[in-house]
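Please look over the sequence and the model below before reading on.

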Amino acid sequence: MSHQTHPYHLVHPSPWPALAATALLMVTLGMAMFMHQKTGGVFLLAGGFAVVLYTMFVWWRDVVHEARVDHAHTPAVSRGLRAGMALFITSEVLFFAAFFWAFFDSSTLPKLPLADTWAIAPGVWPPAGIHPFDPFHLPFLNTLILLLSGSTVTWAHYAILQNNRKEAIIALWYTVILGILFTCCQAFEYTHAAFGFKQGIYATTFFMATGFHGFHVLVGTIFLAVCLARTYKGQFTPEKHLGFEFAAWYWHFVDVVWIFLFTFVYCNMANRLMPIFETIFTGTNMLIAFVLLAVAAVYFGWKMLTSRAFDKVARYH
């Protein structure tokens, strides 16, 4: 039996990566067959999705076992896991950035059909025939719900750090209920929308951005529900609670994305601020700012060089 001389976790051989790859291939092929109306596409898609869910369960079960039973999550391993979660959230930020880019490109410079082919009058935003939601009705309620859930998940984190399992359970229950309430409100909003998914660029970008955010809320709610079950079992301690910590990170990320959605998609703040931006960021103002920055850079650079030269002379004497 060899003695481990490093703090890293060398995982045992596992069938789950191969099973996950197979399940994802089933999902991809099933989706393609379903979209092309091929026989068996729905069953292949459903079966692949079921295998994906099963693989997620057993793989994360093994990770929890490695942390609690094998004590494999040393400080070095924990740092690596935190870095991995941070990179995952970064990739999610870039994912949503694509939808915001599409929305801003369409809303700040709206075009009519054929505008790229034949120069005609500029379009309007929202496009004619689109009646967007009043941001201060249901969307504002959803904003309050998510902000409150961010507070309750922070409360749960604080309770875990204080080793107060009772309060952590109460706070997590509130967070999960608020997540479910948000999903129900968004489902109600979608069923009462005055426009459909295929009604132009506004509808497409709106449903893609808010729909994927709703999917992330659903995933985050499940994540927190699993943390709630683990809290009941006493699996989180003030020193060891990475699973909950990652759930809290993910939930705060979902909160921040919704604030951007509410501000720029529902309230159309980019278009409201555009006249101010056009007034401030003129060619003359940009040139003046560049000259002032160049003068400041030269001034502070000269001050730094002269102060260093003075210090050298003082040390010499």
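Of the contacts in the protein chain with a separation of 6 or more, what percentage is accounted for by residues 24 or more positions apart? The share is 72%, where a contact means heavy atoms within 4.5 Å.

The model is a predicted one, in which local features need pLDDT of at least 70 and side-chain atom pairs count only at pLDDT 80 or more, while totals for chains, interfaces and linings use all residues. Residues are numbered from 1 along each chain as its sequence is written, and side-chain values use heavy atoms, with hydrogens and water left out.

**The chain as a whole**

**Helix α2**

Helix α2 covers residues 41–68 and reaches 41 Å from its first C-alpha to its last, close to the 40 Å expected; the expected span is 1.5 Å times one less than the number of residues. Among the buried residues of α2 are Gly48, Thr55 and Glu66, and what covers the buried residues of this helix includes α1 (16–35).

Glu245 is found in helix α7 (residues 242–266) and counts as buried because its relative accessibility is 11%. Its side chain makes a polar contact with the side chain of Arg82 at 3.1 Å, that is, a pair of N or O atoms within 3.5 Å, of which, within protein, one must be able to donate a hydrogen and the other to accept it, and residues adjacent in sequence count only if both atoms are side-chain atoms.

Rings of Phe, Tyr and Trp (its six-membered ring) pair if their centres lie within 6.5 Å, with planes under 30 degrees apart counted as stacked, over 60 as edge-to-face and the rest as tilted.

| Pair | Centre to centre | Angle of planes | Kind |
|---|---|---|---|
| Phe136 and Phe262 | 6.0 Å | 90 degrees | edge-to-face |
| Phe182 and Trp258 | 5.0 Å | 90 degrees | edge-to-face |

Phe182 lies in helix α5 (residues 165–191) and Trp258 in helix α7, 76 residues apart, and both are buried. Phe136, by contrast, counts as exposed at 54% relative accessibility, while Phe262 counts as buried at 10%.

Key:
Helices (H or I, at least four residues) and strands (E, at least two) are DSSP runs, numbered from the N terminus. Buried means under 20% relative accessible area, exposed over 50%, partly exposed in between (1.4 Å probe, protein chains only).
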